[in-house]
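Subject: Structure handover

Hi,

Here is the structure I promised to pass on to you. Please have a look at it first, and then read on for my notes.

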Amino acid sequence: MRDITIRPVTTDEYPAFVTAFMEGFSSDLQAEDQPEHFRHTLPPERTLAAFEGESIVGTFGGFDLTLTVPGGTVKMEGTTVVTVFPTHRRMGLLNAMMTEHLDNAVANGFPVAGLWASESGIYGRHGYGVATYAVSRSMDGPLVDFREDIQVDRVRRITSDQAKEVLPAVFDAVCRDTPGMFARDDLWWAHETLLDEDWMKRGRTSKRIVVHDGPDGPDGYVMYRQKGSEADDGHANGEVVVIELIAATPVAKASLWSYVTSIDGCPKVKFWNVAVDDDVMMMVREPRRIGATILYDALWIRVLDVERALTSRTYEEDGTVEFGIVDSYRPATDGSYRLVVTGGVGTCERTDSTAVLDLDVDVLGALYLGGGDARAYGEAGRIRGPKADIDRMQRMFRTISAPWCDQVF
Ligand SMILES: CC(C)(COP(=O)(O)OP(=O)(O)OC[C@H]1O[C@@H](n2cnc3c(N)ncnc32)[C@H](O)[C@@H]1OP(=O)(O)O)[C@@H](O)C(=O)NCCC(=O)NCCS
């Protein structure tokens with residue numbers, strides 16, 4: 001390898017760091033103040049850069065996130081801005097930065113790390129497994145018709161200043177109950193979710209925000225952008241692109257979906273991130289009109305501390321499962337474990353005994369939030385051992401609702 005040093009960037013180097021990862025993602029720096037916004041959620045001390053001399057040739061970052069898991073929360077190292085310059089690819093820089101990043105995460109007490117992958121072939125080797133999936137849907141809004149027995153209320157438009165006051169409480173209530181979502185602090189709201197600079201619009205409007213009011217106050221909101229256009233015959237043919245729709249109740253869900261699918265002049269509606277088991281499918285007359293376009297892997301989880309991670313979540317069924325983890329990337333995690341669940345609460349510890357089941361650490365990450373299908377992993381040979389034990393693992397780990405991660409980071 002050439003003479004490369006890996007270290008966090010300084011405050012002075014931070015603008016160059018942001019410019020470097022924007023370039024790594026095939027983009028330019030979008031505005032002078034873009035680094036300033038990133039710095040609030042990803043401070044210089046949470047970065048890693050690969051330096052060749054004074055030039056940054058690779059970037060990495062870690063967000064401090066609190067992830068909802070079944071029955072609780074866990075601290076998650078949010079792996080982000082992973083890039084290596086094309087001139088330095090396939091020299092091992094990603095691996096070198098990942099090793100340091102995960103070592104730091106363990107030293108800082110994170111039981112898991114998580115990421116969204118730009119390409120799904122990269123991170124399995126580092127022990128990340130697909131813990132949540134999502135569906136990208138696009139539809140002809142006026143054809144989405146809610147059943148007569150579904151309550152659909154009028155909703156209320158608010159300004160972004162009002163949104164600062166209203167949205168966090170609605171979001172927190174849903175986040176607390178949804179494994180796969182992660183908590184937001186004021187900085188995240190200001191410099192990520194509600195940020196609305198011209199460079200973010202890509203030819204569309206500013207963010208529009210609409211809330212649903214339930215009996216006890218706001219209980220759902222949708223944030224979206226619009227783009228007007230005309231069809232060849234002159235009819236308005238604009239689009240609505242939903243950024244996020246958060247609903248704490250079925251009425252809020254139906255009302256907000258109904259609103260975005262019936263905006264005059266904007267029949268084309270796109271939701272990029274709908275939960276795989278979203279109940280809106282059961283609320284409409286013709287589910288096919290909601291049109292699934294792509295099912296994709298969303299949040300990937302990398303378990304770093306098996307005992308703490310598994311003790312931090314609850315389980316659907318009591319029982320004992322003994323399993324061996326194969327972790328070729330971080331052998332420290334390798335070994336045999338016993339998980340005992342009583343009253344839904346788990347205790348996990350290392351054992352000296354030979355494990356009944358064997359699985360790679362990325363498969364444990366896939367099962368962790370309750371979405372992974374142990375039975376299917378068994379049939380694919382990714383969990384090895386007696387079928388009865390794999391089925392028990394399935395019944396213990398799999399949750400009634402699918403986990404869902406609402407935001408890319
Ligand atoms: C993805 C990227 C960071 C890889 O960096 P790199 O320094 O070339 O990777 P390394 O040389 O350290 O390779 C590490 C391993 O990953 C593999 N790998 C690297 N890029 C890969 C890809 N795009 N798909 C599948 N495998 C990949 C390598 O073959 C190597 O495998 P091995 O350890 O089994 O031999 C780099 O190509 C990049 O910046 N891409 C554009 C930005 C991007 O997509 N980033 C990911 C954001 S989530």
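How do the residues of the shell around the ligand divide into nonpolar, polar and charged? Eight of them are nonpolar, six are polar and four are charged. Please keep in mind throughout that this is a predicted model.

Staying with the ligand for a moment, 18 residues surround it, and the closest are V84, R89, L94, S118 and G121. As for secondary structure, the elements that contribute two or more residues to this shell are β4 and α3 (93-107).

Now for the overall picture. The protein has ten helices and 19 strands. With a radius of gyration of 23 Å, close to the 22 Å that the globule rule gives for 409 residues, the protein is as compact as a globular protein of that length. Along the principal axes, its C-alpha atoms fill a box of roughly 70 × 55 × 40 Å. Buried residues make up 41% of the 409. If you take the contacts between residues at least 6 apart in sequence, 73% of them join residues at least 24 apart.

Seven strands make it up, in the order β1-β2-β3-β4-β5-β14-β6, with mixed pairing. Its edge strands, β1 (4-7) and β6 (129-130), each pair on one side only. At the β1 end, β1 pairs with β2 (residues 47-52) in the antiparallel sense over four bridges, and I6 has A50 in β2 as its bridge partner.

Helix α1 (residues 14-24) lies across β2, β3 (55-69) and β4 (72-84), and runs at about 85° to β3. Helix α8 (residues 361-368) also packs on the sheet, where it touches β6 and β14 (299-303); the direction of α8 makes about 125° with that of β14.

Strands β9 (residues 208-214) and β10 (residues 217-227) form a hairpin with two residues between them, and they pair over seven bridges in the antiparallel sense. Within that pair, V210 stands opposite V222 of β10. Strand β10 also pairs with β11 (residues 239-247), again antiparallel, over eight bridges; here Q226 stands opposite V240 of β11.

Best wishes

Methods: Residues numbered from 1 in each chain as written. Predicted model: local features only at pLDDT ≥ 70, side-chain atom pairs only at ≥ 80, totals over all residues. Pairing = 2+ DSSP bridges. Contact = placed C-beta atoms within 7 Å. Axes fitted to C-alpha atoms, helices over the stretch in contact; angles between N-to-C directions. Rg over C-alpha atoms; globule rule 2.2 N^0.38 Å. Buried ≥ 20, exposed ≤ 12 C-beta atoms within 10 Å, placed from the backbone. Near = placed C-beta within 6 Å. Nonpolar A, V, L, I, M, F, W, Y, C, P; charged D, E, K, R; others polar.
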